[in-house]
Amino acid sequence: MNRAVAVARMQLINKWTFLGIPAVIIGGSFLFSLVIFALIPSSVGVKYSGAGQAVMWYFFGLGIQSLTLSFPFSQGLSVSRRNFFLGTVGLFTVLASAISALYVVSGIVEKATNGWGLQGRMFAISWVADRSWFVQWFFYFVLMMFLFLLGFWAATVYKRWQATGVLVMSLSFAVLVVAAIALITWQGWWPAVGAWLITLTPLSLGTLAFAFVLILGIAAFTTLRRATP
Amino acid sequence: MNTPIVQVEDLCRSYRDVKALDRVNLTLEQDKIYGLLGRNGAGKTTLMSMLTAQGFPSSGSVLVFGEAPYENERVLRRICFIRESQKYPDDFKPMHAFKSAALFYKNWDNDLALSLAQDFQLPMKRRIKKLSRGQLSAVGVIIGLASRAELTFFDEPYLGLDAVARQLFYDRLLADYSEFPRTIVLSSHLIDEVANLLEHVIIIDNGRIIVDDDAENIRGQAINVAGTAARVEAFTAGRTILHREQLGALQSVTLDGALSTAERREAQELGLEIGSVSLQQYVIRKTLDAGLSPGGTHQGTQGADSKNRTGVAR
């Protein structure tokens, strides 16, 4: 059997981590939202819930967990770092595709049923939901991949350079952000930035995020290649 | 039989100013049980990490099954190395760990794993995090044995195991080894307990290999002579003395090298008692010896440079 697939199966041996907990989060946040939709008087019009993002934050944690918990063990079983990466990230890619599809379908149902009969909006976020199903799916998918890989890479950096590494990484990121803000302010580019932000669509933002996903993936892989258990 | 499985040349590994491994040269042959002996921090785990590509050498070369092991699945799939401080996923129970191992080792024997778990009285449904030190060791031992990997490392496998469980491990290891021969490296500092299992002994100290020899040869490497001080001194004059102990008028001396038949007769006539030196005593003497001479010896078993030192100043 392909050993990358074996890694994915190893990650699934305890069903809770990759399947159970996301299911509970999505189901739970959906039910809570329904209750709250029902409590709010219908006179307010459309009721928005941000609960759809709950599971995305779990994916950030999942990225950290799937590395810190399983990487040292996989090394004991003599799995190459490459196959560990392919198996783990590959499994998440499948999971993210499935959950994104679930979001798209739920969004369609939500709109068709007038927000579950309660004028609620949890899956069909207005900015995204009026696009084609593929753009919606792509947007959710990239967002999930981004958060997962961010956690995965941060955990890899921690594995290799401990707290110092994470600190250096966060500080350099902060310096970059501040430098960018300073540059924009100094050059008087804020109106241009504002105009650019308005032109962003789910597709263009998704494509941009997708570029980040690729960079994060490559960074995580290169860091992992030299990590020790 | 004599196919080299592992070839190590000039292997060095330093952590900042500490030399964990210092110019190690080593060859492991197929289907033998090796003992990797040495004190805590001598470099045993570091060496095994390099051989399994879990760690990275600072310099030197490592070949396993004739190839570099790093990221090389052809090599890695034939190796099992559960370290003494092996981490398991937090939510894993022993049965999960065994299921995982079964995914990666084509010769995995699940019946063996289950029967070992019973022998070690391992609670299969308790989280590994909550296991006692001994039970944790048992998980590693079971994975090591049941994986039947062609090159298997046991890193201080007996930690926390009681005497019965340790004996059980040694027995099951030998039984399975005779049925499915493979190369086994047993790292240990409980030397006398494993002495009978070992076919070949590698002693490592301060990152250097100070002894690399067949267990048979080592057993005759040193000998103990005891008797009244004057007679012992007369008998041992001019020989390499590894250790000397004085108790009143009696003296006990550990000599490097074996005695000839004539020497044995002579000793008997002098009324001296001749005893064998256990592997553990030998390792202790060799290690202390290496530690006390400047820079340590890396001469191998012959200890040629200590031939000139007859003193007992240490």
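The exercises below, each with a worked solution, concern a predicted model.

**Exercise 1. Describe the side of chain B that touches chain A: how many residues are in contact, which elements give two or more residues, and how do the residues divide by class?**

Step 1. Count the residues on each side. Chain B has 26 residues in contact with 24 residues of chain A.

Step 2. Assign the chain B side to elements. Two or more residues come from each of helix H2 (73–76), strand S5 (79–82) and helix H3 (94–104) of chain B. Of these, H3(B) gives the most, with 6 residues.

Step 3. Sort by class. The side of chain B that touches chain A holds 12 nonpolar, 8 charged and 6 polar residues.

**Exercise 2. Find the domains of chain B and state how many residues each gives to the contact between them.**

Step 1. Domain 1 of chain B covers 4–217, and domain 2 of chain B covers 220–306. Their C-alpha centres lie 33 Å apart.

Step 2. Count the contact residues. Domain 1 of chain B supplies 16 residues and domain 2 of chain B supplies 15 residues.

Step 3. Locate the domain 1 side. Helix H7 (191–194), strand S8 (200–205) and strand S9 (208–214) of chain B each give at least two residues to the side that touches domain 2 of chain B. S9(B) has the largest share, 6 residues.

Step 4. Sort this side by class. The residues of domain 1 of chain B that touch domain 2 of chain B are 8 nonpolar, 6 charged and 2 polar.

**Exercise 3. Work out how strand S10 of chain B pairs with strands S12 and S13 of chain B.**

Step 1. Take S12(B). Strand S10 (residues 222–228) and strand S12 (residues 250–256) of chain B are antiparallel, with 7 bridges. One residue pair is B:Gly227 with its bridge partner B:Gln251 in S12(B).

Step 2. Take S13(B). S10(B) and strand S13 (residues 273–276) of chain B also run antiparallel, joined by 4 bridges. Here B:Ala226 has B:Glu273 as its bridge partner.

**Exercise 4. A:Gln119 and B:Asn206 have a positive phi. Determine where each lies and whether it is buried or partly exposed.**

Step 1. Recall the background. Most residues other than glycine have a negative phi.

Step 2. Examine A:Gln119. This residue is not a glycine, yet its phi is about 60°. A:Gln119 belongs to helix H6 (residues 115–119) of chain A. It has 16 other C-beta atoms within 10 Å, so A:Gln119 is partly exposed.

Step 3. Examine B:Asn206. This residue is not a glycine either, and its phi is about 50°. B:Asn206 sits in the loop between S8 and S9 of chain B. The cut-off for a buried residue is 20 or more other C-beta atoms within 10 Å. B:Asn206 has 21 C-beta neighbours inside 10 Å and therefore counts as buried.

Note on methods:
Residues numbered from 1 in each chain as written. Chains lettered and ligands numbered in written order. Predicted model: local features only at pLDDT ≥ 70, side-chain atom pairs only at ≥ 80, totals over all residues. Contact = placed C-beta atoms within 7 Å. Nonpolar A, V, L, I, M, F, W, Y, C, P; charged D, E, K, R; others polar. Domains from an automatic or database assignment. Pairing = 2+ DSSP bridges. Buried ≥ 20, exposed ≤ 12 C-beta atoms within 10 Å, placed from the backbone.
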